[in-house]
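Subject: Structure handover

Hello,

Here is the structure for your set. Please open it first, then read the notes below.

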Number of protein chains: 2
Amino acid sequence: MDELMSKTLRVAIAGLGTVGAETVRLLTKRRTIISSHAGRPVALVAVSANSKSKDRGLDLNGIDWADDPLALAMRDDVDVVCELIGGSDGVAKNVVEAAIASGKSVVTANKAMLAHYGTELASKAENCGVILAYEAAVAAGIPIIRAVRDGLVANELSRVYGIFNGTSNYILTAMHESGRDFNEVLAEAQELGYTEGDPTCDIDGIDAGYKLSLLSALAFGHTVDFKAVDIEGIRSISAIDIAYAEKFGYRIKLLGFAEKTNDGIRQRVHPCMVAKDTLIAKVEGVFNAIIVDGESVGATLHYGRGAGAGPTASAVISDIIEIALGRGTPVFGLPVDKLFVSQKARQELMRCRYYLRVGVIDRPGVLTHVRNIMSNQDVSMDLFIHNDYNQRERMLLVFIIHEAEEKLLRKAITEIVNLNDDQKVTVMIRIVDL
Amino acid sequence: MDELMSKTLRVAIAGLGTVGAETVRLLTKRRTIISSHAGRPVALVAVSANSKSKDRGLDLNGIDWADDPLALAMRDDVDVVCELIGGSDGVAKNVVEAAIASGKSVVTANKAMLAHYGTELASKAENCGVILAYEAAVAAGIPIIRAVRDGLVANELSRVYGIFNGTSNYILTAMHESGRDFNEVLAEAQELGYTEGDPTCDIDGIDAGYKLSLLSALAFGHTVDFKAVDIEGIRSISAIDIAYAEKFGYRIKLLGFAEKTNDGIRQRVHPCMVAKDTLIAKVEGVFNAIIVDGESVGATLHYGRGAGAGPTASAVISDIIEIALGRGTPVFGLPVDKLFVSQKARQELMRCRYYLRVGVIDRPGVLTHVRNIMSNQDVSMDLFIHNDYNQRERMLLVFIIHEAEEKLLRKAITEIVNLNDDQKVTVMIRIVDL
């Protein structure tokens with residue numbers, strides 16, 4: 001231990017995008033204090049990225065450049081490799097595997113890779129006796145991995161949920177504040193740089209699903225199972241839904257939930273209506289907030305910036321320091337052979353209240369039809385007819401459905417939709433009591 | 001390392017109050033999963049408390065009983081001593097020192113002891129090569145020590161602030177919700193068991209000050225300096241102040257702040273008015289919330305139950321598991337010889353806005369007097385005269401003071417108070433923009 005603590009920890013960074021560059025900047029600027037906290041010198045020795053000539057505003061003097069990130073990952077003079085390339089497989093995964101195989105610890109911010117290959121990589125890290133750290137992969141600067149893995153470890157956790165994607169929360173917040181519609185606000189978010197290139201991953205809930213799958217594994221001790229996450233995004237939410245939510249006392253948020261049920265582990269990401277006086281409803285803009293329900297501790301909430309160069313680099317460096325200190329733990333809190341394979345709880349068995357908006361053709365008897373469909377499925381509801389709908393032949397119906405099993409509601413929705421040939425939009429939003 | 005990980009970690013608990021008893025219960029009930037996370041068996045081997053015969057509802061079968069906690073702390077067959085006795089010195093401190101001196105790691109929830117002797121004890125732990133862990137001492141179940149020490153370690157922190165005392169937050173919340181006055185609500189809190197015996201420590205801000213002094217040391221890297229904390233409690237807050245806060249768009253909260261200033265480190269606990277749409281304003285009842293402002297990460301907020309047997313035992317056990325894993329760090333994040341001795345920033349140099357309520361004798365010219373006093377100190381303000389004051393000879397004046405240095409305001413207050421011989425209550429509440 002004492003011998004270890006006098007040796008310099010030699011760091012390599014693969015990928016110099018915004019996060020990689022900020023990590024370089026922080027490691028340089030705060031080198032002295034980082035080394036003090038690490039108990040030994042921490043030095044950046046090598047970097048790798050696509051283009052050496054690109055001006056990133058970095059002083060890379062004295063730091064080796066590698067064109068090939070794989071070669072970087074296997075260098076003899078490196079102790080820790082930070083994989084900040086991104087992408088669920090390809091180069092990023094190759095770099096991580098090569099580093100692990102050559103006995104180096106790895107720090108990564110790559111939620112997509114871990115969501116798909118987390119258990120496999122954890123196993124490799126374990127077999128090679130190295131640390132695989134990923135605080136930056138979930139909610140960036142919020143130290144939620146440490147909170148769940150270390151701080152709340154004494155608890156039997158029942159549920160982890162929250163706002164895992166800042167872009168979609170920004171869009172929903174802006175829609176709420178301005179009354180504007182989804183597409184307009186999305187365009188604004190893209191202009192402001194809150195979405196990078198293709199916004200699909202953010203607004204369709206996939207990014208949130210990646211993070212949720214990692215926290216679920218950590219919270220409940222199962223192997224990572226991204227495919228088991230039921231995911232819906234926010235594309236279908238319109239200004240009219242935001243206005244109705246307000247009217248009923250709710251805010252619409254894109255939430256992810258990982259929860260223990262009698263039917264297995266349920267992982268889901270979807271828009272929710274939550275009472276507007278809850279803390280989670282007050283989380284606005286690009287912020288993330290994650291709530292962990294533990295048996296002994298009750299609810300704890302962890303809030304902050306879930307993306308961006310600074311917050312993500314902050315998390316990467318916290319992991320580097322833990323590695324310097326030799327403070328390893330199993331990747332998902334338990335050795336891989338103690339992780340269980342989770343059974344996927346069926347979303348259709350979930351019970352809650354629902355907000356439902358459907359358009360129907362305004363024909364005699366249609367309301368009676370709709371009411372009959374609902375009551376045949378034992379679904380009770382309050383009905384609001386939205387009169388200022390601009391197509392005269394159609395009616396917009398807004399329902400608040402009393403607590404019901406999702407299976408029954410889905411049947412009712414299908415039947416209602418079948419009343420119309422030209423039915424385009426049906427929006428169902430779960431009302432969640434938190 | 002491998003040899004270490006196959007050995008049972010032998011735990012002793014000194015003190016079987018609500019927290020000690022709950023820790024025993026959790027260690028027993030969740031022994032298997034705790035050992036899995038710890039990577040080796042964790043076993044409770046001995047306990048000590050005042051009365052062996054008292055029924056605590058615990059099964060202590062097979063666990064040694066020690067009448068003398070000092071003897072417990074020095075047993076050869078113990079690796080970790082949990083000090084859950086309480087009190088800033090006396091037995092608690094003796095137990096901790098004895099355990100450290102005999103080479104055992106220590107877990108404590110004792111904020112008073114650490115606030116007074118934290119640096120000294122850290123030094124002793126360091127010299128003896130043992131871990132001194134205290135996640136439970138600050139905000140109980142919220143893993144805020146880990147967040148600041150490990151998760152946010154890459155950041156230069158500028159400020160840590162928040163609600164550190166659940167009892168006083170409960171009282172302020174209940175006053176807000178019911179319009180009742182302080183004493184009535186305090187009596188209710190005592191009935192509900194939210195205060196233990198003497199409520200002084202909670203409502204006078206001392207408990208919050210203890211916790212703040214520990215987080216300040218950790219956040220900024222200085223030696224613990226509880227005496228440098230300026231502390232005001234909530235006894236003087238009345239229903240009328242709560243009502244005015246509401247009218248002006250604020251909530252009154254007892255906040256603690258540790259912040260870097262050009263003048264040194266400022267540590268303070270006092271009632272504040274905060275805008276009612278801030279997250280901190282929404283933290284109700286017995287909950288705690290702590291916000292950490294970091295250079296890279298921005299603001300992160302950490303929320304949960306800051307007291308109670310379950311949350312505190314949860315934190316104690318998280319520390320035991322870290323000790324089992326051999327995951328030590330310096331007690332305040334840096335070796336004691338790297339902690340600096342902080343200079344106390346002068347509260348009187350602080351600038352903010354203020355709410356001020358004073359009673360004056362209703363004499364001709366008194367308002368002109370008051371206005372002159374304020375303008376002589378260059379203090380500008382808005383004045384509200386509270387007319388339904390029930391003593392006819394006196395007027396209640398409520399001011400919103402524009403941004404001013406606290407020194408000037410204090411001079412003005414003294415002069416105003418001198419206008420009246422019988423002036424009893426002057427309430428000054430800082431308005432804090434967060």
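In chain B, six strands make an open sheet, ordered β3-β2-β1-β4-β5-β6, and the pairing is parallel. Strands here are DSSP runs of E with at least two residues, helices are runs of H or I with at least four, and both are numbered from the N terminus. Two strands count as paired if DSSP finds at least two bridges between them. At the edges stand β3 (64-66) and β6 (132-133) of chain B, each with a single partner strand, so one side of each has no neighbour in the sheet.

Before the rest, the ground rules. This is a predicted model, so local features need pLDDT of at least 70 and side-chain atom pairs count only at pLDDT 80 or more, while totals for chains, interfaces and linings use all residues. Residues are numbered from 1 along each chain as its sequence is written, chains are lettered from A and ligands numbered from 1 in the order in which they are written, and side-chain values use heavy atoms, with hydrogens and water left out.

More on the chain B sheet. Strand β1 (residues 9-14) of chain B pairs with strand β2 (residues 42-48) of chain B in the parallel sense, over six bridges. B:V11 has B:L44 as its bridge partner in β2(B). Helix α2 (residues 18-29) of chain B lies across β1 and β2 of chain B and runs at about 155° to β1(B). Angles run from 0 to 180 degrees between N-to-C directions; axes are lines fitted to C-alpha atoms, for helices over the stretch in contact.

Now a helix pair in chain B. The axes of α7 (residues 144-151) and α11 (residues 206-220) of chain B come within 9 Å and cross at roughly 15°. That makes α7(B) roughly parallel to α11(B). (Under 35 degrees is roughly parallel, over 145 roughly antiparallel, 65 to 115 roughly perpendicular, the rest oblique.) α7(B) contributes B:I144, B:I145, B:V148 and B:R149 to the contact; α11(B) contributes B:L215, B:L218 and B:A219. Contact means heavy atoms within 4.5 Å.

How do the copies relate? Chain B can be laid on chain A by a turn of 180° and a shift of 0.0 Å along the axis, with an RMSD of 0.0 Å. The two copies are thus related as by a two-fold rotation axis. The same surface serves both: 100% of the contact residues of chain B recur in chain A. The superposition is by least squares on C-alpha atoms of residues with pLDDT of at least 70 in both copies.

In chain A, four bridges join β4 (residues 80-83) to β5 (residues 105-108), and these strands run parallel. A:T108 in β5(A) is the bridge partner of A:E83. Helix α5 (residues 91-101) of chain A packs on the sheet and touches β1 (9-14), β4 and β5 of chain A; its direction makes about 170° with that of β4(A). Helix α13 (residues 309-324) of chain A also packs there, touching β1, β2 (42-48), β4, β5 and β6 of chain A, at about 165° to β5(A).

α13(A) meets another helix too. The axes of α2 (residues 18-29) of chain A and α13(A) come within 8 Å and cross at roughly 60°. The two are therefore oblique to each other.

Last, the domains. Chain A is assigned domain 1 (2-137), domain 2 (144-303) and domain 3 (349-432). These bounds come from an automatic or database domain assignment. The C-alpha centres of domain 1 and domain 3 of chain A lie 52 Å apart.

Best wishes
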